[in-house]
Structures are given as structure tokens and as C-alpha cells.
Amino acid sequence: MLESDSPHPLSLEPVAMARPRRVVRSRPLNPSRPPNLPEIQPLPRWARLNGGDRNAMFLAGAGIAHLDQILRAGADVSRAGDRAVDVSSAGLGTGADISSASSDSVDVSNAGKNFGVEPVFSGALRQRLALTAAAACARLARLREDEAALRDAEHLSGCGGETSPAGRLHRLFRLFAARSIKFDAATLSLAAEYVGAPSAFDAQGIAEALRQTVANANDPLAAAAAASARAMHDLAAVPAIDAEIFALWLADVALAQKLGWNAPVPLLATVIAHPALRRPPNGRRPRPGDRDWSNALAGAYALAAGEAMDLAGALSRQTQKLLDAAPKLRAKDALRVIDMLVADDCVAPARAAKTAGLSDRGARRLFDRLIELDAVHELSGRSSFRLYGL
């Protein structure tokens with residue numbers, strides 16, 4: 001499994017940021033002074049897709065611009081350095097030191113102008129969206145697993161073991177939170193393996209073509225549309241649904257590269273089957289090979305950006321509760337568990353115990369305490385084999 005506390009044997013080097021940013025060494029979270037996270041406002045109604053695609057390009061631009069601000073509006077509160085334990089939280093360990101920050105809430109419109117630092121919950125945001133994207137793609141491929149089944153398969157089994165076709169789709173989108181993604185043969189071969197495409201396809205040739213396609217695009221939406229359409233053309237010999245899922249994944253990669261994000265955010269696949277995107281006269285959902293794919297993709301990103309911002313707002317508020325609860329925790333290395341919670345969709349007590357050096361009983365008691373403080377939610381709805389997250 002691509003668990004964030006275990007190195008992946010196929011780890012790739014992160015790509016350089018499009019725009020170099022000042023990096024300030026992060027410091028351990030001070031439990032006595034929990035930071036204030038940005039107050040994220042929901043996307044205005046005028047910027048949301050309400051059906052149809054008359055203003056799809058405008059709405060997509062507005063939504064992605066707002067989401068881009070959120071991804072640059074964070075203050076670093078991670079515990080980087082020797083004590084950081086999560087691979088997915090590595091991207092959170094660079095940014096502005098908040099040890100001297102004021103107690104006032106940070107305004108999103110201004111905070112992103114500092115150094116473009118991602119908010120501390122960006123790992124959880126990507127992983128929660130990865131789960132949604134994987135479940136949506138599983139439905140497209142007529143696979144049985146829903147979000148609950150995919151979450152259990154990922155977090156309650158051993159790292160790196162065999163999984164189902166739907167589980168491989170989940171791993172594909174979880175790559176976005178584990179590393180920066182670039183168009184090279186190794187990355188594309190790994191992604192093709194996860195979607196079930198033949199491993200013998202011309203990964204090097206496709207990678208070169210995609211790099212050129214993205215470089216020639218005038219804007220992020222054009223890059224996403226061109227990369228996904230190109231993938232459908234290059235993967236004509238692959239089963240249509242596998243090629244489509246691969247193309248949806250590539251669109252988010254191209255968008256993130258054009259925007260200079262630390263890593264892609266699963267967006268397009270989370271909404272591609274939404275009823276608001278279906279086209280008359282037969283109500284067919286858009287596909288990357290369609291003639292009007294550019295406009296359909298814009299509508300999908302307009303819808304996805306709004307939903308991602310809603311999720312980011314909820315995660316920001318819950319993360320603030322978690323950080324406020326930190327001074328009340330007496331368990332040894334509880335802050336390591338907090339690192340895990342803000343970096344992933346959910347955490348199992350057994351994994352928390354192993355990573356933070358707690359006993360199994362100690363980990364369970366820690367999560368019970370966090371539940372009492374309303375700092376985390378129990379996500380499985382079971383009395384055993386529980387999973388906890390923001």
C-alpha cells in the first residue's frame with residue numbers, strides 16, 4: 001500500500017517548483033501556542049457551475065484561482081526534520097515559521113502572498129479527494145468497491161500488498177499526496193500499471209509527447225485538456241475505460257504543473273460523472289476524446305474546484321480543533337499522531353502505535369481522547385478495526 005509512513009520502492013524525485021519560493025526552516029509545533037489556520041470562505045454562488053456550460057471557462061478560472069489561493073495560504077505548523085515521520089507530510093515541512101505569528105486569523109487573500117506555503121492539511125485534502133476520485137473511477141469501470149471499502153483496503157492491510165483493481169485506482173490517485181508528479185517514463189509506467197494498461201506501451205514516447213503538449217499550452221486548462229486528449233489518442237489500443245481514467249489522472253498532473261503546485265490535486269475524476277455535466281440530447285457524460293472536450297473539461301473543473309474548496313474549508317476548521325487540542329494531550333509522542341492525521345485521509349490506531357512508538361492500548365486511548373475533544377472523527381462506523389480522520 002502507499003501508506004505515508006512507509007517509503008515506496010518506486011519513489012520518484014520531486015520536480016522543481018515552477019516559481020522558486022523562499023523556504024524557512026520549520027520548527028516543531030508548540031503545543032502551548034496552537035496556530036490559527038486560514039479562514040477559508042466558500043466559493044461564491046456566482047462562481048459555481050449551476051448546470052450547462054455557457055460560462056464554463058470563466059467559472060473554471062474563478063474556481064481554480066480561488067483554490068490556488070488556498071494552496072498558497074498556509075502557515076507551516078508541521079514538525080519537520082528528524083521527528084517528521086510521514087512521507088506525505090514532507091511537502092508540509094517547508095514554509096513560513098509561525099512561532100511569532102499573531103493570534104488573529106489569517107486572511108486567505110493575503111496569506112498566500114507570503115511564500116506560497118501549502119496549508120498544513122493539504123495532505124489530508126489530497127488524500128480525501130483521492131478516495132473520492134478512486135470511488136468515482138471504480139463506478140465508471142463497473143467495479144464494486146465504494147469509498148468505505150477502498151478506505152478499509154488501504155488502511156487496514158499491509159503496506160505494498162496485492163489489492164483489487166479498484167484498490168489500484170485508489171493507489172493511483174494517492175500518488176498525488178505522496179510526491180510531486182512529472183511526465184517521465186517511470187511515472188507513466190507506474191500509473192499505467194495501476195489502471196491496468198499494458199506495461200509494454202511506449203512510456204518514453206508518450207512522456208516526451210506530453211511534455212511538449214503541456215509546454216505548448218497557453219494556460220492550465222488548455223494544458224489539462226490537451227494532455228488528456230493526447231493520452232486517449234496514444235492509448236487507443238488500451239481498453240477505453242482504462243485509457244479514460246489514465247487521461248483524467250493526466251489532466252490533473254498537467255494542470256498542477258502549469259500552476260506550479262507542489263503536487264497535483266485529484267479534481268477532474270471526482271466530478272466527471274456528475275449529472276450537471278451530462279450533455280443533451282442523450283445525457284452522455286463527457287469523455288476526453290470528445291470534440292468539445294475543452295469546454296466540458298472547463299465545466300468539470302468549475303464544479304470540482306467548488307467542491308474541493310468546500311472540503312478544504314471543512315478540513316481547515318477540523319484541523320484547527322485538532323491543533324487546539326494538542327496542549328491537552330498527555331500521551332507520549334501524540335504530536336506524531338497529529339502529523340499523521342493532517343497528512344492523510346485517515347489513520348488506524350495500529351499504524352499510529354507503530355509510527356509514534358505507542359502501545360496499542362495507548363493509541364486507542366489517544367483516539368478516544370481526541371474524539372472527546374471533537375478533534376477527530378471515527379470514519380468506519382464500527383466498534384473494532386476503527387479508522388480516524390479529520
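Which loop holds Asp-345? Asp-345 is found in the loop between helix H12 (334-343) and helix H13 (349-356). The model is a predicted one, in which local features need pLDDT of at least 70 and side-chain atom pairs count only at pLDDT 80 or more, whereas totals for chains, interfaces and linings use all residues. Residues are numbered from 1 along each chain as its sequence is written, and side-chain values use heavy atoms, with hydrogens and water left out.

The chain has 14 helices and four strands. These elements are DSSP runs, numbered from the N terminus, with helices (H or I) of at least four residues and strands (E) of at least two. Of the 390 residues of the chain, 54% count as buried; buried means under 20% relative accessible area, exposed over 50% and partly exposed in between, with a 1.4 Å probe and protein chains only. Contact means heavy atoms within 4.5 Å. Among contacts between residues at least 6 apart in sequence, 72% join residues at least 24 apart.

Asp-345 is buried, with a relative accessible area of 1%. Its side chain takes part in a polar contact of 2.4 Å with the side chain of Arg-128. Another polar contact, of 2.8 Å, joins the side chains of Asp-345 and Arg-151. A polar contact is a pair of N or O atoms within 3.5 Å; within protein, one must be able to donate a hydrogen and the other to accept it, and residues adjacent in sequence count only if both atoms are side-chain atoms. When residues up to four places away in sequence are not counted, Asp-345 touches Gln-127, Arg-128, Leu-131, Arg-151, His-155, Leu-379, Gly-389 and Leu-390.

Two packed helices are described by the angle between their axes and the distance between the axes. Axes are lines fitted to C-alpha atoms, for helices over the stretch in contact, and angles run from 0 to 180 degrees between N-to-C directions. The axes of H12 and H13 come within 9 Å and cross at roughly 130°. H12 and H13 are therefore oblique to each other, given that angles under 35 degrees count as roughly parallel, over 145 as roughly antiparallel, 65 to 115 as roughly perpendicular and the rest as oblique. The crossing of H12 and H13 is right-handed; a crossing is right-handed if the near helix is turned clockwise from the far one by less than a right angle, and left-handed if anticlockwise. On the H12 side, Arg-336, Val-337 and Met-340 meet Arg-351, Ala-352, Thr-355 and Ala-356 of H13. By class, this contact of H12 with H13 has four nonpolar, one polar and two charged residues. In this scheme Ala, Val, Leu, Ile, Met, Phe, Trp, Tyr, Cys and Pro count as nonpolar, Asp, Glu, Lys and Arg as charged, and the others, Gly among them, as polar.

Helix H7 (residues 203-216) packs with helix H9 (residues 240-259) at an angle of about 50°, with the axes 10 Å apart. H7 and H9 are therefore oblique to each other, and H7 passes H9 in a right-handed crossing. Leu-210, Val-214 and Ala-215 of H7 make the contact with Leu-250, Ala-254, Gln-257 and Lys-258 of H9. The residues of this contact divide into five nonpolar, one polar and one charged.

For helix H1 (residues 56-70) and helix H11 (residues 293-325), the packing angle is about 35° and the axes are 8 Å apart. The crossing of H1 and H11 is left-handed. Residues that make the contact include Ala-60, Gly-63 and Leu-67 of H1 and Ala-298, Ala-302 and Ala-305 of H11. The contact of H1 with H11 has 14 nonpolar, five polar and no charged residues.

Leu-169 lies in helix H5 (residues 165-178) and counts as buried at 4% relative accessibility. Leaving aside neighbours within four places in sequence, Leu-169 is in contact with Ala-134, Cys-137, Ala-138, Leu-143, Tyr-194, Val-195 and Ile-245. The C-alpha atoms of Leu-169 and Glu-193 are separated by 9.6 Å, the two residues being 24 apart along the chain.

Asp-374, which is not a glycine, has a positive phi of about 60°. Asp-374 is found in the loop between helix H14 (360-372) and strand E3 (377-378), and counts as partly exposed at 35% relative accessibility. Phe-385, also not a glycine, has a positive phi of about 50°. Phe-385 is found in the loop between E3 and strand E4 (388-389) and is exposed, with a relative accessible area of 64%.
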